Amino acid sequence: MKKLLSISIFTLLFISCQTKPTLATITSLNPIEYSMDNAAKLILENPEINSISIGVYKDKNTFTKYYGEIDTGVGNTANDHSIFEIASVTKTFTAYITAQAVLDGKLSLDDDLRKYLDGAYYNLEFDNRPILIKDIVTHTTGIQRADFSKVLSKMFSIDITEQERKAITDYSKKDFIEDLQHYQHKTTSGKVYDYSGFVAPELLAMVLERVYKKPYSELLEELILKKAQMQHTTMRVAKEDEKYVLNGYTNNNLKVAPLQTPLTGAGGGLKSTVPDLLKYIEFLLDKDNKVVKEMRRPLFYDENEDEEYGYFWMVNGDDLMLHNGGTGGSTNWLILLPNLDSGFTVSFNYNGDRAGDLINTIASFLISDLLNFPTKNAYYLIRDYINNNPDTWLEKYYQLKKEHSKQYNFDDASMLDDLGYEFLELNKTNQAIEVFLLLVSEFPNSAYSYKSLAEGYFLNKQYKLALTNYKKSLELKPKNNRVIEMIKKIEQIENK
């Protein structure tokens with residue numbers, strides 16, 4: 001699971017906008033469409049990204065939009081029929097079936113995995129601690145694909161040979177059992193979050209098949225796909241539908257073959273469409289669904305990352321459920337905000353070096369905009385003002401605030417703070433300081449406003465102004481260690 005919420009949405013460099021929509025056009029857009037269009041516009045400024053697919057569910061309304069082109073220079077755009085790999089988001093389906101099994105009394109989270117295997121499997125414990133079902137759904141088994149199977153270790157390799165690809169295709173349940181018998185567990189399960197993308201979910205699928213006496217594919221169809229009316233979600237795309245599968249790319253626009261899906265595919269084999277995933281989101285947002293309530297129940301807290309996990313999902317009470325996925329040529333997020341009766345899916349047909357930062361950025365924007373719905377995020381317009389009218393942008397800011405304060409959210413200090421830090425990332429320190437000065441003016445009682453302005457001055461080597469603002473920040477929020485450290489650092493510089 002890639003970390004999302006604690007990542008600044010401006011850890012990457014954006015190229016300045018080249019075109020600017022008119023204010024009249026922007027103010028007439030539905031807030032959801034406004035968010036989708038502008039968030040996608042920012043990401044498409046990065047040349048690595050060819051295509052973005054977004055689906056948003058809000059209060060029983062759905063929105064689907066597609067941006068860019070699937071293949072560079074071809075002009076082909078994704079649409080509602082387009083099929084893409086949802087990869088590890090598949091685990092959320094497996095999570096649902098597991099939560100159903102718990103409620104049905106078919107298994108317990110505290111069960112020893114070996115209870116559902118034929119054989120003793122003394123190798124599946126360490127320091128007298130066996131692997132529990134709960135360890136699988138919280139990614140704390142400690143089982144890694146590379147240690148488990150030489151064949152499976154090549155699953156996500158871009159430079160895989162045809163011989164290795166064939167070996168993965170031919171990998172059978174018999175092979176899996178043989179690898180399981182020879183695997184040597186070398187860590188205490190249940191202690192540390194250590195993502196297991198394929199092996200642990202396949203073990204869980206074996207357990208589910210055993211307790212229900214049905215194939216995983218039937219459980220998937222019966223418990224989720226049929227109920228949610230998801231007719232275009234499958235492990236293996238039919239021949240006549242292969243034309244709808246998006247091509248995937250990695251660094252340097254290198255085309256990547258689709259991920260192979262041996263065994264059940266419970267950890268990452270599903271392919272779907274945006275409309276189908278919106279049906280899935282609606283299905284999961286049903287407030288009366290006891291399975292969903294069980295599935296998002298906190299089971300493990302990752303102290304290192306300050307994240308909590310339910311059944312595979314990263315969770316935050318009833319406020320947030322998140323899961324992401326990625327193959328060699330695609331990456332995506334599925335995010336639910338249950339208390340707001342909303343959720344969204346966003347995907348790229350790209351998974352290179354910057355995919356994680358970029359997908360996290362657009363997801364963070366969409367979350368923020370849904371939290372502030374129905375007001376719109378003024379960030380997008382202010383950013384355009386600064387880039388296109390650097391001498392008059394402040395005047396335009398106040399005009400927008402005066403004339404459209406009911407439509408746009410000016411009460412959230414993070415809007416200006418994020419914008420300022422974006423300019424710092426771009427090494428446009430003077431522009432950042434201008435934004436932070438506005439931030440302090442608009443939010444004079446915020447310790448973070450003064451801290452941000454101080455950081456701008458510090459990077460601009462205006463140490464006296466930096467010190468003044470750090471001290472003001474400390475007055476408003478004492479015991480801020482970061483600020484205290486910076487004050488000491490500046491005093492040392494000034495005393496040299």
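A salt bridge is a side-chain nitrogen of Lys or Arg within 4 Å of a carboxyl oxygen of Asp or Glu. By this rule, the structure holds 24 salt bridges. This is a predicted model, in which local features need pLDDT of at least 70, side-chain atom pairs count only at pLDDT 80 or more, and totals for chains, interfaces and linings use all residues. Residues are numbered from 1 along each chain as its sequence is written, and side-chain values use heavy atoms, with hydrogens and water left out.

**Pairs between distant parts of the chain**

- R210 and D118 form a salt bridge through their side chains, at 2.9 Å from N to O.
- This pair links distant parts of the chain, 92 residues apart: R210 belongs to helix 8 (residues 199-212), and D118 to the loop between helix 3 (90-103) and strand 4 (125-126). Helices (H or I, at least four residues) and strands (E, at least two) are DSSP runs, numbered from the N terminus.
- R210 is partly exposed at 38% relative accessibility, whereas D118 is exposed at 60% relative accessible area. Buried means under 20% relative accessible area, exposed over 50%, and partly exposed in between (1.4 Å probe, protein chains only).
- R383 and E422 also meet in a salt bridge, at 3.0 Å from N to O.
- R383 lies in helix 13 (residues 379-388) and E422 in helix 15 (residues 414-425), so this pair ties together parts that are 39 residues apart in sequence.
- Both R383 and E422 are buried.

**Other salt bridges**

- D59 pairs with K58, with the closest N and O atoms 3.6 Å apart.
- D59 is partly exposed, at 38% relative accessible area, while K58 is buried, at 7%.
- E33, D37 and K65 are joined in a network of salt bridges.
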